[in-house]
Amino acid sequence: MKIAVSGKGGVGKTTLVLLLARYFRDRGTGVILVDADPDGNLAAGLGLDPASVVPISAMKELIAERTGARPGTSGGFFKLNPRVDDLPDTVAIKKDGIRLLVMGTVRRGGGGCICPESALAKALLLHLVLERDDVVIMDMEAGIEHLGRGTARAVDMMIVVVEPGRRSVETANRVRALAADIGLTKIAVVGNKVRDEGDEKFLREAMPGFVFLGFIPFSEAVIQADIGDGGFSLADSPVTAAADEIAKRLIEIDPGTQT
Ligand SMILES: Nc1ncnc2c1ncn2[C@@H]1O[C@H](COP(=O)(O)OP(=O)(O)OP(=O)(O)O)[C@@H](O)[C@H]1O
Ligand SMILES: [Mg+2]
């Protein structure tokens, strides 16, 4: 199963990614997380020291070796299909049975230009969604344009996280439009930080035509986990129970996933 998670800033994308990762890991499935948010914090969420994490976009030697060109250059010649199949083993950070790939800030070439670092990032994402047996979960910013068409088409589900309120709903509508532009139509919503049935009702009514995978309650435990050592200290809370239901719905929708 290949999942992309998007939504407005602060709605709980990273929290959901961590909760789903825990679910699949605990059932023996290989899990690869991709931090595709240039301002991402998945590493911290896994309890890693963010200062110790080098994003792939900053691995200049690797980019040069694989593409034949230095990052930061453009207009020259470089490989558009660099070798990447070893990277989930060599550059991924392993923590608690989960692998993490941090993409970093991938410069988008203006005027149709493609840069060496974006060629490597694109090839890596495509490899992950097409050729891996692992569950791959991508933590994305609300702008998803840098998902290439090939990658977008191979994504089994784009989850848009929303919270009770108009602003994150507007972002969800925008994400759906952007996703459709690149051929990604399998979209579902998770309502997060839901305090009561009124919140749930608000979201359902504000988002007609969206499939809801489920709702995660507002919880002090999530905030405590964020202050503490990351999202994995939430065992047996209403939040993990809700996330487990969401994971099960994902499997129902995509029964090909072995757990
Ligand atoms: N269910 C919840 N109940 C209470 N607080 C929550 C819940 N989910 C997330 N939060 C809190 O909201 C904040 C943002 O969560 P998170 O980092 O997961 O969002 P994000 O969408 O990844 O944000 P960003 O856009 O900055 O990457 C964090 O402080 C987190 O602890
Ligand atoms: Mg985040």
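Are helices H1 and H10 roughly parallel or roughly perpendicular to each other? They are roughly perpendicular to each other, because angles from 65 to 115 degrees get that label, while those under 35 count as roughly parallel, those over 145 as roughly antiparallel and the rest as oblique.

## Ground rules

What you're looking at is a predicted model: local features need pLDDT of at least 70, side-chain atom pairs count only at pLDDT 80 or more, and totals for chains, interfaces and linings use all residues. Residues are numbered from 1 along each chain as its sequence is written, and chains are lettered from A and ligands numbered from 1 in the order in which they are written. Helices (H or I, at least four residues) and strands (E, at least two) are DSSP runs, numbered from the N terminus.

## Where H1 meets H10

Helix H1 (residues 13-26) packs against helix H10 (residues 238-253) at an angle of about 70°, and their axes sit 9 Å apart. Here, axes are lines fitted to C-alpha atoms, for helices over the stretch in contact, and angles run from 0 to 180 degrees between N-to-C directions.

On the H1 side, the contact uses Leu16, Leu19, Leu20, Tyr23 and Phe24, and these meet Thr240, Ala243, Asp244 and Ala247 in H10. Contact means C-beta atoms, placed from the backbone, within 7 Å. By type, the residues of this contact split into 7 nonpolar, 1 polar and 1 charged (nonpolar: Ala, Val, Leu, Ile, Met, Phe, Trp, Tyr, Cys and Pro; charged: Asp, Glu, Lys and Arg; polar: the others, Gly among them).

## H10 on its own

H10 has 16 residues and spans 23 Å from its first C-alpha to its last, close to the 22 Å expected at 1.5 Å a residue; that expected span is 1.5 Å times one less than the number of residues. Val239, Thr240, Ala242, Ala243, Ile246, Ala247 and Leu250 are buried in H10. Looking down the axis, these buried residues fall within an arc of 160°, so they line one face of the helix. The arc is that of the directions from the helix axis to the C-beta atoms.

Turned away from that buried side, H10 carries the exposed residues Ala241 and Glu252. Buried means 20 or more other C-beta atoms within 10 Å of a residue's own, exposed means 12 or fewer, and partly exposed is in between, with C-beta atoms placed from the backbone.

## H7 and its neighbours

Now for helix H7 (residues 166-181). Its buried residues are Ser168, Val169, Ala172, Val175, Arg176 and Ala179. They fall within an arc of 115° seen down the axis of H7, so they line one face of the helix. That buried set packs against strand S1 (2-7), strand S6 (157-162), strand S7 (187-194) and helix H8 (197-206).

Exposed residues Arg166, Ala177 and Asp181 sit on the face turned away from the buried side of H7. Just after H7, glycine 183 takes a positive phi of about 85°.

Most residues other than glycine have a negative phi. Aspartate 96 isn't a glycine, yet it has a positive phi of about 50°. You'll find aspartate 96 in the loop between strand S3 (93-95) and strand S4 (98-102), and it counts as partly exposed, with 13 C-beta neighbours inside 10 Å.

Lysine 193 isn't a glycine either, and has a positive phi of about 60°. Lysine 193 is in strand S7 and counts as buried, with 21 C-beta neighbours inside 10 Å.

How values were computed:
Contact = placed C-beta atoms within 7 Å.
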